[in-house]
Amino acid sequence: MQVETGEAALQVLKSRYGYDQFRFRQAEIVQNLIDGNDALVLMPTGGGKSLCYQIPAIVREGVGIVISPLIALMQDQVNALNTIGIRASFLNSTQSFETRGEVEQQLINGDLDLLYVSPERLNTSDFFNLLHSIDIALFAIDEAHCVSQWGHDFRADYMRLKILHESFPAIPRIALTATADRRTRDEIIQQLELHQAARYIHSFDRPNIFYRISEGQNNRERLWQFIEDNHAESAGIVYCLSRKNVETVADWLSRKGRIALPYHAGMSSDQRAEHQRRFLVEDGVIIVATIAFGMGIDKPDVRFVAHLNLPKTIEAYYQETGRAGRDGLAADAWLAYGMQDVINLRMINQQNEAEESHKILQHSKLEAMLGLCEQVGCRRQTLLAYFDEQLEKPCGHCDNCLLPPTTWDATEAARMALSCVYRTGQRFGTNYVIDILLGKTDERIERNRHDQISTWGIGTELGNNQWRSVFRQLLAFAYLESDSELHGGLRLTQHAKPLLRGEESLHLREVVETSGKRRKRTNRVVVEQTNQPLFERLRSLRKTIAEENGVPPYVIFHDRTLHQMAAVQPLELEQMAELSGVGEKKLTRFGSIFLREIEDFVVGESGDELN
Ligand code: ADP
Ligand code: ZN
C-alpha cells in the first residue's frame, strides 16, 4: 500500500502543481500524514510548507482542515488552489452568515478537499458539532508558533487547539511554522501535545537571500541608491518604525517615480486591504510598512526587503527578511540603522511595564540583533547559529563575505570616549559628548564649564562620523548604556572599567562610506539562460490575464516558470507541460495563449534577422 499512496502523492504534485519532484523532506512528511501520523514541520518561509498538508488532504479521504490566523490571506490561498483545480474554501468572521452557510453545506456534502478556518471559528461549538458529522482527512495547524507565549505572535485561541487531539485522536495533525528557536519548538510540542509527532526540522538557510547591514547617515538616500541600482522594477517591502515614517518614506519614494504604498495600523482597514491587494496584483509595487504588514504574505516574487530601522530581535529580522525571494530566485535583505535606534529600543525596553524576566529576555534578544549588525564575520553563519544551526564555512553571499570590513585599534579612542562620558557626569547624550571631544563650545557647554575639563578637545584626530561610529559600537557592545530617565543620557557599564584601566584593548569596525559604491552581485541562484525581451512579453501577457481574472500575476505562473518559458521557448503544449509550475489545469487554461505569444516572438525575431 505504501508504494501506491506514494505514487498518488507524486501524481497530485505533477498534475495539479506541475512540479516534478518533492523538495527537501516534503515526500516523507506527506507520506507520514497519508499514513495517519502526526508531524511537526519547521521550515523557513518559502520552503514549501503548504504542499505538506495540501497533498495528503487531497489523497486522504475527507477534507483537510487548515487552521490559520491569517484571515486576510484566506481568499488568496483559496483562489490559488481553485486555479489549479483543488476544491478549497474558507470560513472566518469576515463572511456573511449566508456565505458561511454555503461553505458549511459544501462541507456536509463532502465537496471540499481543503477548508481554511480561523482559530476563533474553529473554537465555536457549532463548528465543532459540524466537524463531528463529516469525514476529516487531517488537521493542519499553520503558524503553530502562535501557541507560544514566549514567541512573538501569541494568540490565546491557539492554546485551545489541544482539543483537536482530545476530540479527534484518530485524525492526523500537522503543525507548521517558520519560527525556529528551540524554546518555541518545545512550547509547540507541549501545548499541542505533539510528543508523538515525527519532527521535520529543515535548515533555515535562505541561500538566495543576500544580506546587507549597514550603519550610517542618510539612510533614506542610501535606500534609494540601493533600490535604483538593484531593483529598478521589482517589488519590495520597506519597513519603518513609526506610522509617520511610513507615510513620509512612501511619499518620498512616490516622488522618485515608484509606486510606493503605505501600510500601517493607523489606516482604515479598507485602505490597508486595497494597498495589500495592489502589492499582490500589480507588478513592481513597493509597500512601505510598519511591522503590522506581512504576516503570512505569500507573494513569491518580493525581490527585496529593506529595513530603515533596527528590528528588535533576530527572529523578527529573519521573519521579515524571509518574505523576500520565496520563489527561490535572487533577492536582497537590506538593513540600515543608526545609533538612535539602539538608544530608542533600549529605552522602550527599559520603560516596558513587563516582568523583569521578560525585560531581561528582550534585552538579550536586542543585544543579539546588535551583535549581528556590528559583527565583522559572515552574517549567515551568525543568523543560522542563532537558530541552533551550524554553517561550516562563511557563505560568500553576504556583505561581510563579499567586502570584509576592516577593523582598527580603537582602544585609545574608546578610552577617550568613556572618560569623557564620565567627566561630564554621565548625563549627556552622544552629540554633546562628541562636541566636547572635538573641542567645540556653545552656550550650554560654557554654562556647564565643560570646556574646562580634561577631555575637552582631546579627540580632534577623529571626525564627527568616526566618533559616532565609536559611540554606536560602544553602545552595541554594552560598554555604554543609555538611561531612559535621562532621555538617553549615556553612562558607563561595568564592562567599561577594564577598558578604562588599560586592561583590555578594543578593535572596532571601520566606518565605510557605502553610498555610491555599487555592489557586484553574485547570483548564487542560477537562472537558466533567459531571454529578457521574451520574458518581458510573457510578463505583460501574464499581467493582462491576471487582471482579467482578478488574481495576482503569480497565481497564473511564477516568475520562475516564465523564465523557463523564455529560455526553452516551447512551441507545443507537450513541451510546455514539461516546465516547472505548469500543471494540467494551467496548461489547459493558459497554455495556448502563452504558446501563441512565444510563437509570435520567435517569428518576429527571425523576421528581424532577414531584414
Ligand atoms: P511556505 O508556506 O513554506 O512559506 P509555500 O508552501 O508557499 O512556502 O511554498 C513556497 C513556494 O515554493 C511556492 O511558490 C510553492 O509553489 C513552491 N514549491 C513548493 N514545493 C515545491 C516543489 N516540490 N517544487 C517546486 N516548487 C515548490
Ligand atoms: Zn557570509
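1. Let's start with β10 and β11. Ala-260 has Ile-286 as its bridge partner in β11. The two strands run parallel and are joined by four bridges, with β11 covering residues 286-289. Two strands count as paired here if DSSP finds at least two bridges between them. Strands (E, at least two residues) and helices (H or I, at least four) are DSSP runs, numbered from the N terminus.

2. Before going on, the ground rules. This is a predicted model, in which local features need pLDDT of at least 70 and side-chain atom pairs count only at pLDDT 80 or more, while totals for chains, interfaces and linings use all residues. Residues are numbered from 1 along each chain as its sequence is written, chains are lettered from A and ligands numbered from 1 in the order written, and side-chain values use heavy atoms, leaving out hydrogens and water.

3. β10 and β11 belong to an open, parallel sheet of six strands, ordered β8-β13-β12-β9-β11-β10. The edges are β8 (209-215) and β10 (260-263), each pairing on one side only. From one strand to the next, the twist averages 15°. Axes are lines fitted to C-alpha atoms (for helices, over the stretch in contact), with angles from 0 to 180 degrees between N-to-C directions. Helix α13 (residues 269-281) packs on this sheet, where it touches β9 (236-239), β10 and β11. The direction of α13 makes about 140° with that of β10. Contact means heavy atoms within 4.5 Å.

4. There is also an open sheet of seven strands with parallel pairing, and the order to trace is β3-β4-β2-β5-β6-β1-β7. At its edges sit β3 (88-91) and β7 (198-201), which each pair on one side only. Neighbouring strands of this sheet are turned by 20° against each other on average, direction ignored. Within it, β2 (residues 63-67) and β5 (residues 136-141) run parallel, joined by five bridges; Gly-64 has Leu-138 as its bridge partner in β5. Helix α5 (residues 97-109) lies across β2, β3 and β4 (114-117), and it runs at about 130° to β3.

5. β1 (residues 39-42) deserves a look of its own. Both of its faces are covered, with Ala-39 and Val-41 buried on one side and Leu-40 and Leu-42 buried on the other. Buried means under 20% relative accessible area, exposed over 50%, and partly exposed in between (1.4 Å probe, protein chains only). β1 runs parallel to β6 (residues 173-177), with four bridges joining them, and Leu-40 stands opposite Ala-175 there. With β7, β1 again pairs in the parallel sense over four bridges, and Leu-42 faces Ile-201 in that strand.

6. Ile-188 ties in with this region. This residue sits in helix α10 (residues 182-192) and is buried, at a relative accessible area of 0%. Leaving aside residues up to four places away in sequence, Ile-188 touches Leu-40, Ala-144, His-145, Val-147, Ala-175, Thr-177, Glu-193 and Leu-194. Its C-alpha lies 9.9 Å from that of Gln-149, 39 residues apart along the chain.

7. Now the zinc ion (ligand 2). Its protein donors are the SG atoms of Cys-378, Cys-395, Cys-398 and Cys-401, at 2.3 to 2.4 Å. Donors are N, O and S atoms within 2.8 Å of the metal (3.2 Å for Na, K and Ca), and sites may look incomplete because water is not among the atoms. The angles among the four donor atoms are 99 to 119°, and the site is tetrahedral, a label that requires all angles between 85 and 135 degrees for four donors. Along the chain the spacing is C-x16-C-x2-C-x2-C. Cys-398 is buried at 0% relative accessible area and Cys-395 is buried at 11%, whereas Cys-401 is partly exposed at 22%.

8. Where are the disulfides? The structure holds zero of them, a disulfide being a pair of cysteine sulfur atoms within 2.5 Å. Cys-373 is in no disulfide, and the nearest cysteine sulfur, that of Cys-398, is 13 Å away. Cys-373 is buried, at 2% relative accessibility.

9. Last, Ser-540, in helix α24 (residues 532-549). Ser-540 is partly exposed, with a relative accessible area of 45%.

Methods
Four donors count as tetrahedral if all angles lie between 85 and 135 degrees; four count as square planar and six as octahedral if opposite donors are over 155 degrees apart and all others between 65 and 115; anything else is irregular.
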